[in-house]
Amino acid sequence: MQDSDQWTLLKEFNVAGDGVGTDGEYVYTSGSATNNSVTFRQYTMDGDLVEAFSIEGCDYSPALAFDGSYFYYLGLNNKLHCVDLANRTLVSIHSLSNASSHTNYRTLCVYDPLNDGFWIPSHRSTNLVRHLTLISRSGQSIREGPSLYPLLPLQVAPWGSCYHTAKDETRHLLFAYSGKLYDYNITNDILCDHSIANFQHDFKGACIGQYEGKESLIIVYQNKIHIYEINCHLSQIVGYRIYRSNSEGDTVMIADGVTGNSFIDHTWEQTVAGIYRF
């Protein structure tokens, strides 16, 4: 691999909170406080804390979704909150139409601009299998996506979710669980049947944004923001497995997700958890 092809860590800095979102100018995190309240924090893209603040009527959620104007999240009692973080204002709250199917699954909320709705985890009342479900801005169910079992264990909802449009214009929902990254191709309604990347650490918040003019993946874990340059597009990596060990200097092996044949081996100079693309 040439140096320009390697996955690139652009920036990392300390933060508080485990949910993350960006409006392109600032990075915002959400962290739990007392009595299920939430503390939002605003940072510059270089990691300087602008302000920590709370908004009356908001509660904690580790997943923030941005629609180009406002941020959204699932709060307590299965309510979709719309907040203007730049102006510290709660815009609206909508109850979900089938609230019993979405209890306590606040860990994933992803805005889908083509459908103008939000993907959230849910389950059918007859079993414990989790599904991805698309809801409207008013909390109405639009369509049910794929089952997450057996990809994920029963009674488990994913974390670290974000939306990405690939070079071939397919739309993807990425989500993490237990240090593994998974892909749902929204366009073709296909859930990849294995993880597309493995990491040293589980992470909670994730979003796609711009950093220094480069399309970047932003994740938060262990009280740090990690910003990675997206050097190419998901269509070139979805369907493949990424294996790496936890030790410095160990080899990373990229293997075809179907045949298992290795096509890239690379030795890392340092061990850095994250998502990269080539």
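A strand, in these legends, is a DSSP run of E with at least two residues, and strands are numbered from the N terminus. The model shown is a predicted one.

**Figure 1. The whole protein chain, drawn by its secondary structure.** The protein chain has 24 strands and zero helices. Of its 278 residues, 51% count as buried. Among the contacts in the protein chain with a separation of 6 or more, 48% are accounted for by residues 24 or more positions apart.

**Figure 2. The largest pocket and the strands that line it.** The volume of the largest pocket is about 330 Å³, and 20 residues form its lining, of which Thr22, Phe66, Tyr163, Cys207 and Ile208 lie nearest the centre. At least two residues of this lining are supplied by each of strand S2 (19–22), S6, strand S10 (110–112), S14 and strand S19 (205–211). With five residues, S19 gives the largest share of the lining. Sorted by kind, the lining residues are 13 nonpolar, seven polar and no charged.

**Figure 3. The largest nonpolar core, with a close view of Tyr184.** This core has 16 residues, and those with the most contacts inside it are Leu108, Trp119, Leu132, Leu152, Leu173, Phe175 and Tyr184. Strand S12 (130–135), strand S15 (171–177) and strand S16 (180–185) each supply at least two residues of the core. A second, separate core has 14 residues, including Ala176, Ala197, Ala206 and Ile230. If neighbours within four places in sequence are left aside, Tyr184 is in contact with Trp119, Leu132 and Leu173, and also with other residues, among them Arg143, Gly145, Pro146, Asp189 and Ile190.

Figure 4. Ser30 is placed in strand S3 (residues 26–32), whereas Leu64 is in the loop between strand S5 (49–53) and strand S6 (65–66). Ser30 has a relative accessible area of 1% and is therefore buried, since buried means under 20%. Leu64 is also buried, with a relative accessible area of 6%. A polar atom of the side chain of Ser30 lies 2.7 Å from the backbone oxygen of Ser61. Not counting residues up to four places away in sequence, Ser30 touches Leu64 as well as others, including Gly17, Asp18, Val38, Phe40, Tyr60 and Pro62. Leu64 and Gly21 are 43 residues apart along the chain, yet their C-alpha atoms are separated by 5.6 Å.

**Figure 5. Ser161 in strand S14 and the residues around it.** Ser161 is found in strand S14, and its relative accessibility of 8% means that Ser161 counts as buried. Not counting residues up to four places away in sequence, Ser161 touches Thr107, Leu108, Cys109, Val110, Leu174, Phe175, Lys204 and Ala206. Of these, Leu108 and Phe175 are named among the residues with the most contacts inside the largest nonpolar core, while Ala206 is included in the second core.

**Figure 6. Pro153 in a loop between two strands.** Pro153 lies in the loop between strand S13 (141–147) and strand S14 (159–165).

Notes: Residues are numbered from 1 along each chain as its sequence is written. This is a predicted model: local features need pLDDT of at least 70, side-chain atom pairs count only at pLDDT 80 or more; totals for chains, interfaces and linings use all residues. Side-chain values use heavy atoms; hydrogens and water are left out. Helices (H or I, at least four residues) and strands (E, at least two) are DSSP runs, numbered from the N terminus. Buried means under 20% relative accessible area, exposed over 50%, partly exposed in between (1.4 Å probe, protein chains only). A nonpolar core is a set of buried Ala, Val, Leu, Ile, Met, Phe, Trp, Tyr and Cys residues joined through side-chain atoms within 4.5 Å. Contact means heavy atoms within 4.5 Å. On a 1 Å grid over the protein atoms alone, a cavity is a set of points where a 1.4 Å probe fits but cannot get out, and a pocket is an open set with protein on both sides within 12 Å along at least five of seven lines; lining residues have an atom within 4 Å of a point. Grid points are joined across faces, edges and corners, and a volume is the space filled by probe spheres set on the points. Ala, Val, Leu, Ile, Met, Phe, Trp, Tyr, Cys and Pro count as nonpolar, Asp, Glu, Lys and Arg as charged, and the others, Gly among them, as polar. A polar contact is a pair of N or O atoms within 3.5 Å; within protein, one must be able to donate a hydrogen and the other to accept it, and residues adjacent in sequence count only if both atoms are side-chain atoms.
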